[in-house]
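Student: I would like to go through a model with you and learn how to read its features in turn. Please show it first.

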Amino acid sequence: MDALLSGQLLVAALVTGALYALTALGLNLVYGTMRLLNVAHGDLVMIGAYVAFWAFTLLALSPLLGLAAAAALAALFGLALYHGLFRRLLAGGKAAQRLEANSLLLFFGVSVIVQNLMALQFTATPRGYQYLDTVYRWGNAAITGNRVAAFAVAVILCGGVLAFLRFHVTGLAIKALIQRRDAAAVVGVNVERVQQLALCLGFASAAVAGALVSMTEQISPFMGFPFTIAAFVVIILGGLGNVTGGIAAGLLLGVLETYGVALTSSAYRSILVYGVFVLILLLRPQGLLGGRRIVR
Amino acid sequence: MIRKLSIALAAAALFAAPAAAQNIKIGFSLAKTGLFAQAVPSQLNAYELWREQVNARGGLDVAGKKRMVEFVQYDDQSNPGNAVKIYEKLITDDKVELLLAPWGTPHHFAVAPVLEKYKFPMVGNTAASVQLREIKPGNIWFVTSAIPDKMAAELVAMAKANGYKTAGIVANVLPLAKEIKASLVPALQKAGIAVKVSEEYPPDIKDMTAILTKVKAAAPEALFVLSYPGDSVLYAKQAKEIGIAAPFQFVAVGPTMDFFGKVVGPSANGLVTMGHWSPAKADWKRAKPFYDAYVKKFNEKPDYLDTVVSYMSLEILEQAVAKAGTDKQKLRQAIASMTFDTINGPVKFQGVQNAITPTAFLQIQGSELQLVWPKAIATSPFKAKTGW
């Protein structure tokens with residue numbers, strides 16, 4: 001019981017939750033605006049991690065600066081994919097369900113290609129580096145500097161994106177596209193431009209999450225899949241396309257995992273996470289904060 | 001003119017053909033993609049280094065005749081079922097003359113019946129399980145001495161020799177960790193070492209805070225972390241954060257790999273891990289030259305576990321082929337009966353197992369991995385871990 005009340009678990013829950021929230025944010029933007037099911041999302045996390053790793057290793061560039069390069073590269077990749085693969089698909093006026101199925105297949109292909117290209121280029125050998133690994137202690141809680149940095153950046157970015165969506169005219173246009181795609185076009189939203197922006201923003205935020213993850217764990221070309229799964233669990237928990245709900249669900253998942261394991265055992269982690277996931281699907285299929293209008 | 005040129009080219013090709021036929025085709029499949037892909041470069045690097053060295057010496061000595069080594073390799077996508085099909089293809093379709101091992105225990109188990117079916121001898125390397133002993137001897141051998149039940153017994157002996165009376169176990173649920181734990185718990189009880197905390201975790205664990213908080217509260221003197229590379233890094237980082245203070249901390253798989261030191265850094269100093277090789281062992285004459293050649297070629301240290309056992313399997317094959325050639329019956333007899341000189345000292349098989357190399361442990365001391373147990377082969381004495 002003492003352990004449950006200790007600050008250590010709270011620290012772990014918040015850091016894990018913040019990274020889940022940031023990872024899922026991009027997936028939610030891409031799905032929300034375009035109904036594209038990006039199963040290569042974890043591979044963008046991987047790309048971001050590699051960019052930060054090489055920037056640190058070759059250029060001695062702090063990962064906190066390297067994440068800007070990771071974001072830019074991922075955004076360019078998103079732009080290339082948009083024009084190369086998805087633009088015609090989105091303009092085709094196909095039913096949302098068909099679009100989802102097609103995008104899932106396309107992103108699956110992208111995932112396989114990206115993973116294997118990275119493995120060919122950099123080998124599958126795990127890699128990593130040390131950055132900000134001094135331990136800071138407050139009372140009975142301890143945390144390394146890199147986890148503080150990861151938490152802070154994730155919170156700032158999630159908050160920044162929420163503020164952008166609420167207060168900026170382009171952010172409002174993204175929200176409009178998420179809520180009523182056809183109506184958004186009718187009231188003058190430049191759908192094409194907003195879609196591109198949302199895809200770039202979604203890809204960039206995943207890459208930033210990868211850069212942050214690279215500070216705390218080893219990386220490899222095949223590290224992405226667990227992040228894809230976690231991101232899907234989070235956005236379904238929060239409500240597909242509901243950005244605020246996704247961020248709340250990310251934090252909730254972090255708390256659930258950390259305290260659930262402390263109360264039971266690590267062996268029950270998956271049962272706990274997927275148990276709650278199935279429960280939410282049964283009881284609130286629109287997600288914790290999702291309104292019915294968002295679910296197509 | 002063109003006709004003459006064609007005839008000349010055809011003639012050249014005819015003359016060139018026998019030279020090409022001199023190459024010896026050696027086949028294998030590795031998990032180059034999929035679940036185990038991260039582990040495979042350690043093994044593939046050993047294969048590539050060996051081929052380069054052998055060819056630089058003029059080729060593989062096949063019963064007195066030198067032949068250049070040519071690899072026929074496939075990706076089994078981490079699927080043992082694919083490995084079975086590939087090894088059949090290598091034998092029947094590609095008609096390779098020798099086989100090298102795939103990666104990992106499940107793949108070794110999967111291809112063993114194929115070797116038996118075609119009576120094709122192969123020296124295994126990256127497999128470690130008590131179940132190896134149940135495989136029919138004759139066409140497969142295992143060079144590792146890191147067999148789980150032997151490791152458990154030696155770990156307890158090492159803990160007892162250093163006077164530790166309490167222990168903790170944190171174990172992944174994957175097979176190797178489970179096998180070590182199954183032997184470790186009764187061995188600790190028999191030695192009078194009390195197990196104060198025992199936790200298991202799934203392979204996809206992302207945070208160990210809850211487990212390590214329990215371990216810290218129990219404060220065992222000897223902590224056995226039965227982990228794989230990814231979770232070994234997670235353990236080391238979070239144990240440092242939480243302040244696990246056990247003087248004897250065993251971390252099963254990972255610390256022998258080059259990336260571990262780069263990710264964890266000086267904090268890893270004092271961790272004990274599985275491994276029975278060190279380039280610092282002066283009487284293993286081949287050890288240091290192998291280490292130097294590896295570092296020169298790949299610009300990183302070899303994995304003291306997988307790279308080493310893989311290279312040992314190649315040395316054994318090379319020496320057996322030099323004596324027996326590629327005739328399967330003669331080769332089988334040579335592998336089963338000869339004593340081989342390897343980077344890990346002499347190796348001789350009894351049944352499927354390496355009967356000479358002792359089960360041993362390494363400790364990270366400064367920037368080096370030192371053999372610390374058993375004392376008979378130690379390159380440095382064990383030093384209690386004093387912090388992170």
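Student: Into which domains is chain B divided?

Tutor: This is a predicted model, in which local features need pLDDT of at least 70 and side-chain atom pairs count only at pLDDT 80 or more, while totals for chains, interfaces and linings use all residues. Residues are numbered from 1 along each chain as its sequence is written, and chains are lettered from A and ligands numbered from 1 in the order in which they are written. Chain B has domain 1 (19-146 + 285-354) and domain 2 (148-274 + 360-377); the bounds come from an automatic or database domain assignment. The C-alpha centres of these two domains of chain B are 30 Å apart.

Student: How many residues of domain 1 of chain B are in contact with domain 2 of chain B?

Tutor: Two residues are in contact if their C-beta atoms, placed from the backbone, lie within 7 Å. On that basis 12 residues of domain 1 of chain B contact 13 residues of domain 2 of chain B. The domain 1 side consists of five nonpolar, four polar and three charged residues. Here Ala, Val, Leu, Ile, Met, Phe, Trp, Tyr, Cys and Pro count as nonpolar, Asp, Glu, Lys and Arg as charged, and the others, Gly among them, as polar.

Student: What are the pLDDT averages of chain A and chain B?

Tutor: pLDDT is the predictor's confidence in each residue, from 0 to 100. Chain A averages 90, with 94% of the residues at 70 or above; chain B averages 93, with 95% at that level. Where pLDDT is low, the predicted coordinates should not be read in detail. A case is residues 13-21 of chain B, where pLDDT stays under 50 and the model has zero contacts beyond four places in sequence. For the complex, the predictor gives an ipTM of 0.87 and a pTM of 0.89.

Student: Which elements of chain A give two or more residues to the side that touches chain B?

Tutor: Helices (H or I, at least four residues) and strands (E, at least two) are DSSP runs, numbered from the N terminus. In the interface, 36 residues of chain A are in contact with 33 of chain B. The elements of chain A giving two or more residues are helix 2, helix 5 (96-122), strand 2 (141-144), helix 11 and helix 12 (269-283). By class, the chain A side has 15 nonpolar, 16 polar and five charged residues.

Student: At what angle do helix 2 and helix 11 of chain A cross?

Tutor: Two packed helices are described by the angle between their axes and the distance between the axes. Axes are lines fitted to C-alpha atoms, for helices over the stretch in contact, and angles run from 0 to 180 degrees between N-to-C directions. Helix 2 (residues 7-34) and helix 11 (residues 243-263) of chain A cross at roughly 145 degrees, and their axes come within 7 Å. The contact between helix 2 and helix 11 of chain A has 17 nonpolar, eight polar and one charged residues.

Student: Where does chain A have an antiparallel pair?

Tutor: Strand 1 (residues 135-138) and strand 2 of chain A pair in the antiparallel sense over four bridges. Trp138(A) stands opposite Ala141(A). The two strands form a hairpin with two residues between them, and Gly139(A) in the turn has a positive phi of about 60 degrees.

Student: Which peptide bond of chain B is cis?

Tutor: Most residues other than glycine have a negative phi, and most peptide bonds are trans. The bond joining Trp373(B) and Pro374(B) is cis, with omega about 0 degrees. Pro374(B) is in the segment after strand 18 (368-373) of chain B. In chain A, Thr123(A) has a positive phi, near 65 degrees, and lies in the loop between helix 5 and strand 1.

Key:
Two strands pair if DSSP finds at least two bridges between them.
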